[in-house]
Structure formats: structure tokens, C-alpha cells
Amino acid sequence: MATRSNRHLSKDDPEPLLIAEAIAAVYENNRTLRAAGLPPLKCKTFAGITMVGTASTFYKIPVTEGLCNIHPESPLSKTSFLLFHPLRDRSTEAISQQAHHIAVL
């Protein structure tokens, strides 16, 4: 997934926007597939990069069909994504320990 934001002067965290764009991409792809009479994707994993100044962070964001089709009656579920900060995380151990969780209502 490739997006570009001109928010480089902003102090806002770019992570929520990246995750929201990944969810929106799967939602739109599934909508197009359903309209064509094809089955929707069950899961799609996106690679993403954010940059704040010259510091980059790499992401691995799995988006499931359930995450795209949340209803008020749905039970609370948890989705995890991985991230890696090249300047901070220098070992392969650090990569596997950087799982973050998103609570989905």
C-alpha cells in the first residue's frame, strides 16, 4: 500500500492514519469483489512505512474481514500489528517483541 501525506509539518502520530487506510483499502477491495460476484478476502496483510522527520517505522498490518465489517452488536475483539524502528530496534529479538494491539469495538 502506498500513500503520501503532506502532513510532514504536523506533530500528529501518523500510525492511526496508516492503519485506517489499510482497513479502508480492504473494505473497498471487498466491496468491489462482492459487486463482481466474487468472494471477499478473508485477510490481507499490508506493509507500511511512516516517517516522522527522517525516522522511519516499518509496519506489518493484518486486516481481517471481521475488522472491516464491525457492527454495534459485534463482540469486542483484538487485532495485533507488528512494527519495527530501525534506529531503536537493532536485534531480531526486538522485532518479534514489538506487537501492538488494537481494541476493536
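Modeller: A term to begin with: pLDDT is the predictor's confidence in each residue, on a scale from 0 to 100. It applies here because this is a predicted model.

Colleague: Which elements have the lowest and the highest mean pLDDT?

Modeller: Helix 3, residues 92-96, has the lowest mean pLDDT, at 48, whereas helix 1 has the highest, at 91.

Colleague: And what is the mean for the protein?

Modeller: The mean pLDDT of the protein is 75, and 64% of its residues reach 70 or more.

Colleague: Where does pLDDT stay under 50?

Modeller: That applies over residues 93-97. For this stretch, the model has three contacts beyond four places in sequence.

Colleague: How many salt bridges does a search of the whole structure find?

Modeller: The search finds one. In this salt bridge, the side chains of R31 and E28 meet at 3.1 Å, N to O.

Colleague: How are R31 and E28 placed in helix 1?

Modeller: R31 and E28 are three residues apart in helix 1 (residues 15-35), so about one helical turn separates them.

Colleague: How exposed are the two partners?

Modeller: R31 is partly exposed, with a relative accessible area of 48%. E28 also counts as partly exposed, at 35% relative accessibility.

Colleague: Another residue, then: is T57 buried or exposed?

Modeller: T57, which lies in strand 2, is buried, because its relative accessible area of 9% is under the 20% limit.

Colleague: What is T57 in contact with, leaving aside its neighbours within four places in sequence?

Modeller: With those neighbours left aside, T57 is in contact with G48, I49, T50, L83, F84 and H85. Of these contacts, L83 belongs to the largest nonpolar core, and I49 has its place in strand 1, residues 43-52.

Colleague: Last topic, the surface. Which residues make the nonpolar patch?

Modeller: I49, M51 and F58 make a nonpolar surface patch of about 300 Å².

Key. Residues numbered from 1 in each chain as written. Predicted model: local features only at pLDDT ≥ 70, side-chain atom pairs only at ≥ 80, totals over all residues. Heavy atoms only, no water. Salt bridge = Lys/Arg side-chain N within 4 Å of Asp/Glu carboxyl O. Helix = DSSP H or I, 4+ residues; strand = E, 2+ residues; numbered from the N terminus. Buried < 20%, exposed > 50% of the residue type's maximum accessible area, 1.4 Å probe, protein only. Core = buried A, V, L, I, M, F, W, Y, C linked by side-chain atoms within 4.5 Å. Contact = heavy atoms within 4.5 Å. Patch = residues over 30% accessible without salt bridge, like charges linked within 9 Å, V, L, I, M, F, W, Y side chains within 5 Å. Areas by Shrake-Rupley, 256 points an atom, 1.4 Å probe, with all protein chains shown as cover.
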